[in-house]
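Please open the model in your viewer and keep the sequence panel beside it.

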Amino acid sequence: MRGLFDRQRAAFERERHPSLAVRRDRLQRLLAMTDAIAPRMVKAIGADFGHRSAHVTRMADQLVVRAGIDHTLRHLARWMKPRRVSTPFVLLPGHSRLQPQALGVVGVVSPWNYPYQLAIAPAASALAAGNRVLIKPSEATPRFSELLQLAVAERFDADELALVTGDDEVGSAFVELPFDHLLFTGSTAVGRKVALAAAANLTPVTLELGGKSPAILNADCDLDVAVPRLMAGKLLNTGQTCIAPDYLLVHRSLMARLPDALRAATRKLYPTLADNPDYTSIVNSRHLARLQGLLDDARVKGATVLPLHDETAVVQGKLPPYALFEVDDRMQVMQEEIFGPLLPVLPFDDLDAAIDHVNRRDRPLALYWFGHSTADRERVLAGTVSGGVTINDCLWHVAQEELPFGGVGASGQGSYHGEAGFRTFSHDKPVFVQSRWAGTALMASPYGRGFESVARLLRWIGAR
């Protein structure tokens, strides 16, 4: 692992500013790789999960990555150009610019839930910015990691892009390498450890974490429209999505109709569960046991557990979806990110109470609001802090390359996607070019009337 890192660092020293042609070639090879391994990717991820919807893999791992790379290829030439910025009057006719510069070697630690997207999307941004990239994929999807490692090795020199596979011990050693930037996607608890390890090398980090992302159903929302969209977002990948709605805040006037609406939407999305190729298994027995423990803990502590489907048996690791009513903060399901098909529901009487509930907790990675009132929508947007927001739907803010993706506070720091990803993995070097004729000589010693004249001019400009 250290040898790979040193090899990439040496390669970067030989080519500190790759040309547009070189960067485009690397991105096009990623694009070709995405298409070439698509069928095998579906099979490998499906085998790692026990069962994973082929359409989920095609949509969230393949199409999203393709769209991101295509977007970058279209705009990369513009992103690479130095950007002129204004220059203070007293420094004219000199001029100033920001010149994007590659950082060096970028480390990417990717999770298991969308193993291709969350490894390759940040890698593509880093390559576009001119860096070399090392990826440490999750050990929870070993078949896919082996496929990706072989596919990358077929198309890239190890000093351009490479994978390091292994367990937690390998992961701990990986984040201790002196990367020039490190991106980690995973839990908040592990993210804290990653940030501490990176701090030893003063390595800047982008942390894409998670947390409890709320969905707020406003008093004027149309349940017939909102609930199907909500459940489609919740049950994508069986809830194993970092931006899945984690719990509902529902205006009390809607509570009587909500249970039937949740059940109807779920049954329409998934008429069956056990034999349904669209319904994904929980990734492994450990995560399944954790989710069943959350469900049991809530039930013992007084929650009303509502099955959202007629099928309630766990078959092939497929945990049926449940809504949980009468929940409170004593329950583990309200203390930790769920990452599965369990949906706690809390009523509210006043929108300020819902906003206060969100603000008393860690800042979420995503927030969802359903309703028609522009005033209420703006109250929620202004009154809460979250990584991203989708209004009257779920998840879709993350699928747009013009919108940065990232968290805030306990849900992460930094962002990527589109131009934001290029900037994350670049250093905007400030450059000032002095003119042959420069008034700055008046600011040098020996100080006298010239300095005082310039000082008066600066005060006059500042007061205007």
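Which residues does Leu-258 touch, not counting residues up to four places away in sequence? Select Leu-258 and display its surroundings: the residues in contact, meaning heavy atoms within 4.5 Å, are Leu-217, Leu-223, Val-227, Leu-248, Val-250, Phe-325 and Val-345.

Before going on, note that this is a predicted model, in which local features need pLDDT of at least 70 and side-chain atom pairs count only at pLDDT 80 or more, while totals for chains, interfaces and linings use all residues. Residues are numbered from 1 along each chain as its sequence is written, and side-chain values use heavy atoms, with hydrogens and water left out.

**The whole chain**

Zoom out and colour by secondary structure, where the protein chain shows 15 helices and 18 strands; these are DSSP runs numbered from the N terminus, with helices being H or I of at least four residues and strands being E of at least two. Along the principal axes, the C-alpha atoms fill a box of roughly 85 × 55 × 35 Å. Of the 464 residues, 52% are buried, where buried means under 20% relative accessible area, exposed over 50%, and partly exposed in between, using a 1.4 Å probe and protein chains only.

In soluble globular proteins, nonpolar side chains tend to be buried together.

**Two buried residues**

Select Leu-236, in the loop between α9 (223-235) and β9 (247-251), which counts as buried because its relative accessibility is 16%. Leaving aside neighbours within four places in sequence, Leu-236 is in contact with Val-56, Met-59, Tyr-114, Thr-241, Tyr-270 and Leu-395. Now draw a distance from Leu-236 to Tyr-279: the two are 43 residues apart in sequence and 8.2 Å apart in space, C-alpha to C-alpha.

Ala-198 is the next stop, in helix α8 (residues 188-199), and at 1% relative accessibility Ala-198 also counts as buried. Apart from residues up to four places away in sequence, Ala-198 touches Val-175, Leu-182, Thr-203 and Val-205.

**Backbone details in loops**

Go to the loop between β1 (83-85) and β2 (95-102), where Pro-93 is found; a cis peptide bond joins Leu-92 and Pro-93, with omega about 10°. Another cis bond runs from Ser-445 to Pro-446, with omega near 0°, and Pro-446 is found in the loop between β18 (426-433) and α15 (449-463).

Finish with Gln-316, in the loop between β10 (304-307) and β11 (322-325), which has a positive phi of about 55° although it is not a glycine and counts as partly exposed at 47% relative accessibility.
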